[in-house]
Amino acid sequence: MFGILTVLQPEGLSAAQRAALRLRPGKGLQYGEGLFRMAMFVTATVTLEPGWSDGLRQKRVAAALRYLAGKGVHEAVLPEGWQSLAREYDISPIRTGWALEACAARAVSEACGSLGISPGQAGLAVCGRNLSRTACGEVLTLARSMRTVRVYGEGNEALRAQLWRSCGIVDRGSMPEDLPVLCLLFAGGQARGEALLTVDLSGEEAEREGLVWTPRPLPPAGALGQMPKAVCPAAFAAALLRCGAVQGREIHVSRLDIPAPTQYNKEIVENYC
């Protein structure tokens, strides 16, 4: 079981609505429950008036967190600004990085398709420190279809050895000359400057040079119908993956729109799914 905390701050409330929110706390707190496959989740929605003091805002959010904790929630989808308060109630934030790692192979495949090249025509530079088992599995899946793979970063010796044993790839030396290279960036990694495109799965907000794409993980279509409004689909996908309701292969990825001037672009995908 996991929880979902949603904090709303609607604009344009009337004086009567603002007064009701302030004087009647129950008006701004809504609770519910959901179920997708074997995963049960508890929801708490808090409505705040933008002009309230920090103390009043924190008091209302704390009431919602107490409700989640009382239901036995220890992990939750949380707005970034309220994660430290949630920890006071022994509720840990669910990281979207879990879903990002699980969709790495799909993201690279989408990138190749949008660039107009097949995976067998491209090299893959994998950048990150101490890659998780999920991330390593995705890299090994990609290695079976990419022209070649290089792994950069500390703590990935086991992955390098597996690339040789399972795929016959010697992870040494530079990329073949004139080979288009895609960079798959995980947490703790440094993007490669020679890459045609960087697929950023690091979850880190940082300035990147060149063409950078941060894919959005999406839950299966059936799960989208169960997702509460105003919840980030990537976080919901991570929560379902974390509790075992979906498998990594069921996580979809947003579409990539490559600008027309890009050298390898053959087709522009206009809409995100």
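## Helix packing and sheet arrangement in a predicted model

Helix H5 (residues 104–115) packs against helix H6 (residues 133–143) at an angle of about 40 degrees, the two axes lying 8 Å apart. That angle makes H5 oblique to H6. On the H5 side, the contact is made by Ala104, Ala105, Arg106 and Val108, and on the H6 side by Glu138, Thr141 and Leu142. Of these contact residues, four are nonpolar, one is polar and two are charged. The model is predicted.

An open sheet is formed by five strands in the order S2-S3-S1-S4-S5, with mixed pairing. Strand S2 (29–36) and strand S5 (92–93) stand at the edges with a single partner strand each, so one side of each is left without a neighbour in the sheet. Helix H2 (residues 54–70) packs on this sheet, where it touches strand S1 (2–8), S2 and strand S3 (39–47). The direction of H2 makes about 165 degrees with that of S3. Strand S4 (residues 75–77) pairs with S5 in the parallel sense over two bridges, and Ala76 stands opposite Pro93 in S5.

The secondary structure of the protein as a whole comprises nine helices and twelve strands. Among contacts with a separation of 6 or more, 64% are accounted for by residues 24 or more positions apart. The following table gives values for the whole protein.

| Property | Value |
|---|---|
| Span of the C-alpha trace along its principal axes | about 70 × 40 × 30 Å |
| Share of the 273 residues that count as buried | 48% |

Note on methods: Residues are numbered from 1 along each chain as its sequence is written. This is a predicted model: local features need pLDDT of at least 70, side-chain atom pairs count only at pLDDT 80 or more; totals for chains, interfaces and linings use all residues. Side-chain values use heavy atoms; hydrogens and water are left out. Two strands pair if DSSP finds at least two bridges between them. Helices (H or I, at least four residues) and strands (E, at least two) are DSSP runs, numbered from the N terminus. Contact means heavy atoms within 4.5 Å. Axes are lines fitted to C-alpha atoms, for helices over the stretch in contact, and angles run from 0 to 180 degrees between N-to-C directions. Angles under 35 degrees count as roughly parallel, over 145 as roughly antiparallel, 65 to 115 as roughly perpendicular and the rest as oblique. Ala, Val, Leu, Ile, Met, Phe, Trp, Tyr, Cys and Pro count as nonpolar, Asp, Glu, Lys and Arg as charged, and the others, Gly among them, as polar. Buried means under 20% relative accessible area, exposed over 50%, partly exposed in between (1.4 Å probe, protein chains only).
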